[in-house]
Amino acid sequence: MKKYFIAFVLAFCCLDSLFAQELTKTNEAAFKAGEKLSYKLKYGFFTAAEANIRVEESTVKFDGQPAYHIIALGQTAGTFDVFYKVRNRYETYVDHTTLLPYFYAENRHESSYKHADKVTFDHDKKTITAAKGTFPSAGKVFDFVSAYYFARCIDVSKIKIGETFDLQYFLEDGIHTLSITYVGKEKVSCSMGTFNCLKFNPTIIPGRIFKKSSKLYLWITDDNNRIPVKAHVDLIVGSVTMDLTAASGLKYPLNPVNKETD
C-alpha cells in the first residue's frame with residue numbers, strides 16, 4: 001500500500017483539473033513564477049509522505065515561446081521512510097499562454113523500484129512521444145502536473161452541482177480519461193486555516209486499494225488561486241488525507257475564513 005502514497009499526492013493535486021476539458025480558460029493565469037505549495041499526506045494519524053510543487057520561468061524556449069518550468073517533488077516521511085523509501089521527481093514545461101505541455105519528465109525511486117520517462121507533446125503533429133513509443137493525440141492532452149495548472153485557470157463560475165466532466169492525460173503507454181463530478185461549495189479546514197472551497201468527487205476504481213464504497217473528495221479554494229487545500233479517500237484498510245501546509249509566491253492573496261494559530 002505504501003507505494004501508492006506519492007501517486008496519491010500528485011493525483012490529489014491535479015484532480016481538480018478533471019472538469020477542465022469542456023470549460024473555458026480565463027484570460028488571466030491563476031499562478032505566476034515563484035509560487036510554491038507544500039502538502040502532507042497522512043495515513044490515519046501518521047504523516048506518510050510530503051510533496052512540494054514550485055513554478056519557475058523556463059530557461060529554455062519551445063518553438064520560440066516562453067514557458068513555465070513546474071517541478072513536483074514527493075517523498076515518504078517518518079516511519080514510512082524507513083520501511084519504504086520513496087524519492088520521486090516530476091517536471092513539466094508548459095506554454096505561457098495556452099498552458100499546454102511541451103515536455104514532461106518523471107524520475108521515480110520507490111524502494112527497489114525505479115522508473116524514468118521523458119514525454120514530448122507535439123501539438124502541431126498531434127503526437128506524443130515517450131519511452132514506450134509514439135502515440136496519436138487529439139484535443140487537449142496533459143500530463144498530471146500540467147493538468148493541475150491548466151485547470152486552475154478554468155472559468156468555473158457557471159459549473160452546476162452534479163455536472164461531470166472528462167480530462168485526457170498521458171501516462172506511460174497511452175492516453176487515458178478520468179471523470180469528476182462537482183459536488184458543491186463547502187468550508188473546509190487544513191493546516192493553514194479554514195477556507196471557502198469548491199468540492200469535487202473524482203471517479204475511482206475499486207480494487208486492491210479502494211473499497212467498493214470508497215469515495216475520493218477534493219476541496220479547492222473558491223478564489224482566484226484555485227489551490228487544493230484538502231483531499232480524502234477511504235481505503236480497504238484505513239484512509240488517506242492530503243493537507244496543504246504552506247503556500248508562498250501566490251499571484252493572489254490567500255484568504256482563509258480564519259487562520260490556524262500555533
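At 26% relative accessibility, Arg54 counts as partly exposed, where buried means under 20% relative accessible area, exposed over 50% and partly exposed in between, for a 1.4 Å probe and protein chains only. Arg54 forms a salt bridge with Glu56, the closest N and O atoms being 2.9 Å apart; a salt bridge is here a side-chain nitrogen of Lys or Arg within 4 Å of a carboxyl oxygen of Asp or Glu. Glu56 is likewise partly exposed, because its relative accessible area is 32%. The model is a predicted one, in which local features need pLDDT of at least 70 and side-chain atom pairs count only at pLDDT 80 or more, while totals for chains, interfaces and linings use all residues. Residues are numbered from 1 along each chain as its sequence is written, and side-chain values use heavy atoms, with hydrogens and water left out.

By the stated rule, the count comes to 11 salt bridges. One of them joins Arg152 to Glu35, with 2.8 Å between the closest N and O atoms. This pair links distant parts of the chain, 117 residues apart, since Arg152 is placed in the loop between α3 (144–151) and β9 (164–170) and Glu35 in the loop between α1 (5–14) and β1 (36–43); helices (H or I, at least four residues) and strands (E, at least two) are DSSP runs, numbered from the N terminus. Both Arg152 and Glu35 are buried. The side chains of Asp222 and Lys185 also meet in a salt bridge, at 3.4 Å from N to O. Asp222 is found in the loop between β12 (216–221) and β13 (228–234), and Lys185 in strand β10 (residues 175–190), so that this contact ties together parts that are 37 residues apart in sequence. With a relative accessibility of 28%, Asp222 counts as partly exposed, whereas Lys185, at 62%, counts as exposed.

Phe31 belongs to the loop between α1 and β1 and Tyr149 to helix α3, so the pair ties together parts that are 118 residues apart in sequence. Phe31 and Tyr149 are both buried. The ring centres of Phe142 and Phe150 are 4.8 Å apart and the planes lie at 40 degrees, so this pair is tilted. Phe142 counts as buried at 1% relative accessibility, and Phe150 is buried with a relative accessible area of 3%. One aromatic cluster is formed by Phe31, Tyr68, Tyr148 and Tyr149. A charge–ring contact is also present, in which Lys199 lies over the face of Tyr217 at 4.4 Å from the ring centre; the criterion requires NZ of Lys or CZ of Arg within 6 Å of the ring centre and within 35 degrees of the ring normal.

Most residues other than glycine have a negative phi. Leu99, however, has a positive phi near 65 degrees. Leu99 lies in the loop between β4 (86–95) and β5 (101–110) and counts as buried at 2% relative accessibility. Glu172 is located in the loop between β9 and β10 and is partly exposed, with a relative accessible area of 22%.

Strand β7 (residues 127–130) has a covered face, made up of Ile128 and Ala130, and an uncovered one, made up of Thr127 and Thr129. Strand β6 (residues 113–122) pairs with β7 in the antiparallel sense over 3 bridges, where pairing requires that DSSP finds at least two bridges between two strands. Thr120 stands opposite Thr129 in β7. The hairpin of β6 and β7 has 4 residues between the strands, and Lys126 in the turn has a positive phi of about 60 degrees. On pairing with strand β8 (residues 133–136), β7 is again antiparallel, over 4 bridges, and Thr127 stands opposite Pro136 in β8. A hairpin through 2 residues joins β7 to β8.

Technical notes
Phe/Tyr/Trp six-rings, centres within 6.5 Å; stacked < 30°, edge-to-face > 60°.
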